[in-house]
Amino acid sequence: MTTKTKLKDGWPSHVKFTKPVLQGFERLDCQGKQRTVWDTEQKGLCVLVSPKTARSPHNTVTLRVLYYLNGKAAYLKIGRWGDREFYRDADGKLLTVDCANMDEVRRRASEIRNAAGAGRVNPKQPNVSGSVDDLIVTFISEHASQIKSGSETERILRLYVLPEWKGRNVSDISKADITTLLNKIADKKFKGPKGKLLGTKGVADAVRAQLSKFFNWYSEDYNEEFRSPFVKIKRRAPNPKRERALTDAEIAAMWTACNELGVYGACVQTALLTAQRFFKVGSMRRSQIQASVTLPGRHDELTGEWISEQVITDVWDAREKSDPANKGVSEVPLSTLAKSIIDSVPIIDADARDHVDFVFTLTGKKPFNGWSNAKVALDREMLAILKSNAEKAGLDPKTIKLLPWQHRDLRRTARTLLSRAGVNRDVAERCLAHVVGGVEGVYNRHSYLQEKQDAFARLAKLVDRIVNPTDQTNVVPFPATLP
């Protein structure tokens, strides 16, 4: 790597951008900091390298250009290294730039600097038409692509908004248009691809939130005279808190069905046994599982007797610097049952050099994908098992129904089972990594690993008892699924 200067920690300040160099930036240790490196070939062109996270096994390399408008410095994102990005020229024409082609990137950087310096044109505000189609593409390129939830923003707008308002001018969108769209989605009457009816009240709220951002963005960045139709729309009443937890009969059916659903089934079973958020379980990596953790000596809380240092085996630590501050992540001592399920999943590594070691994966490059379709298959199998069990118990299988449930309900189910297993409330809450408030939360930094090890072992034992009853007196009843 040829550089003009180097930082003390080995990162270059200036270097000629080439494919090997930028690929190297994806793997270099950022030491938890964002890094800026400048191109020696094009003035103002740089990359912002952001540290890798639980969801991204590589650093994020973003190409940017520094420009000056009326004497003030500003940055404009060109795109992520390797992606193809949309942008608009000074006339508002929609174009693309291949961010894997440095000739194209340097040309684009030069255009931005020239437009700002010579023409006094703000590169962030090219001329755009008032078409909803064009504006949504621009919004996705300029706003959504720069935030963590950008892919979800793009999915919502392309699936629910573009088909409804395609070809219309943004100024013609009224309060009535928005209300009609949201009601259609909330009532599950929105016609999606292939005529499939889509929507729920929760989805309607999500669409509302993205539309509000979209209209505000247009008003603030492109047309100050535009008045968002949202100013007169009242927010919907919040959805009631979810209370769904699987019954014993449903747990037994789910477990049996998961045994035949490969990687996905193993992930669902692990989610129930660990009581962690489903997306965390889905992105679990083998390198996060520590063979052993040594606990320092301590006094027993009840007897006061001294307990020598102890070794806790098979601890899954999914904590990352990128974890939201309001969503705790727990260290999970894996029960024997949970560890056996994880060990049964075939090991697939796309490239050992990249340290990509996802547990629940089909490609090795990223976690399992296609959760929705897999969940549909799981529900179908669960219902078939419930009906078969009902028929064996002398009940009419036609009366058996499977109430709707979601992956996140496994966490609530696990918490309910922890109480049934006799786990202390404080320990059970720490098993879910719920933040302890007050003075105790600030000063008590005890890990509770030994207590959690016992709690998760009890949870696994209870699940096994539900799934494999020892005698007929323990067979799980069915009334919760009857109409």
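Strand β1 (residues 14-15) and strand β2 run parallel and are joined by two bridges; two strands count as paired if DSSP finds at least two bridges between them. Strands here are DSSP runs of E with at least two residues, helices are runs of H or I with at least four residues, and both are numbered from the N terminus. Val-15 has Asp-39 of β2 as its bridge partner. Between β1 and β2 the chain passes through helix α1 (residues 19-27), making a right-handed β-α-β crossover. Right-handed is meant in this sense: with the strands pointing away from the viewer, the path from the first strand over the helix to the second runs clockwise.

This is a predicted model, in which local features need pLDDT of at least 70 and side-chain atom pairs count only at pLDDT 80 or more, while totals for chains, interfaces and linings use all residues. Residues are numbered from 1 along each chain as its sequence is written, and side-chain values use heavy atoms, with hydrogens and water left out.

Strand β2 covers residues 35-39. Its covered face carries Arg-35, Val-37 and Asp-39, and its uncovered face carries Thr-36 and Trp-38. Strand β3 (residues 45-50) pairs with β2 in the antiparallel sense over four bridges. Val-47 in β3 is the bridge partner of Val-37, and Cys-46 in β3 stands opposite Trp-38. The hairpin of β2 and β3 has five residues between the strands, and within this hairpin Gly-44 takes a positive phi near 90°.

These strands belong to an open sheet of five with mixed pairing, in the order β1-β2-β3-β4-β5. β1 and β5 (72-80) are at the edges with a single partner strand each, so one side of each has no neighbour in the sheet. Helix α2 (residues 102-117) lies across β2, β3, β4 (60-69) and β5, and runs at about 25° to β4. That angle is taken between N-to-C directions on a scale from 0 to 180 degrees, with axes as lines fitted to C-alpha atoms, for helices over the stretch in contact.

Two residues further along the chain show how individual side chains are placed. Thr-413 sits in helix α12 (residues 409-420). Thr-413 is buried, with a relative accessible area of 1%; buried means under 20% relative accessible area, exposed over 50%, and partly exposed in between, with a 1.4 Å probe and protein chains only. Not counting residues up to four places away in sequence, Thr-413 touches Ala-245, Leu-246, Ile-251 and Leu-272, where contact means heavy atoms within 4.5 Å. His-407 lies in the loop between α11 (371-392) and α12. His-407 is also buried, at a relative accessible area of 15%. Apart from neighbours within four places in sequence, the contacts of His-407 are Tyr-264, Val-268, Phe-278, Trp-371 and Lys-375.

For the whole protein chain, there are 15 helices and 14 strands. Of its 483 residues, 44% count as buried. Among contacts between residues at least 6 apart in sequence, 56% join residues at least 24 apart.

Confidence is given by pLDDT, the predictor's value for each residue from 0 to 100. The mean pLDDT of the protein chain is 82, with 80% of its residues at 70 or more. Over residues 439-445 pLDDT stays under 50, and the model has four contacts beyond four places in sequence for them. Over residues 472-483 pLDDT also stays under 50, with 21 such contacts in the model.
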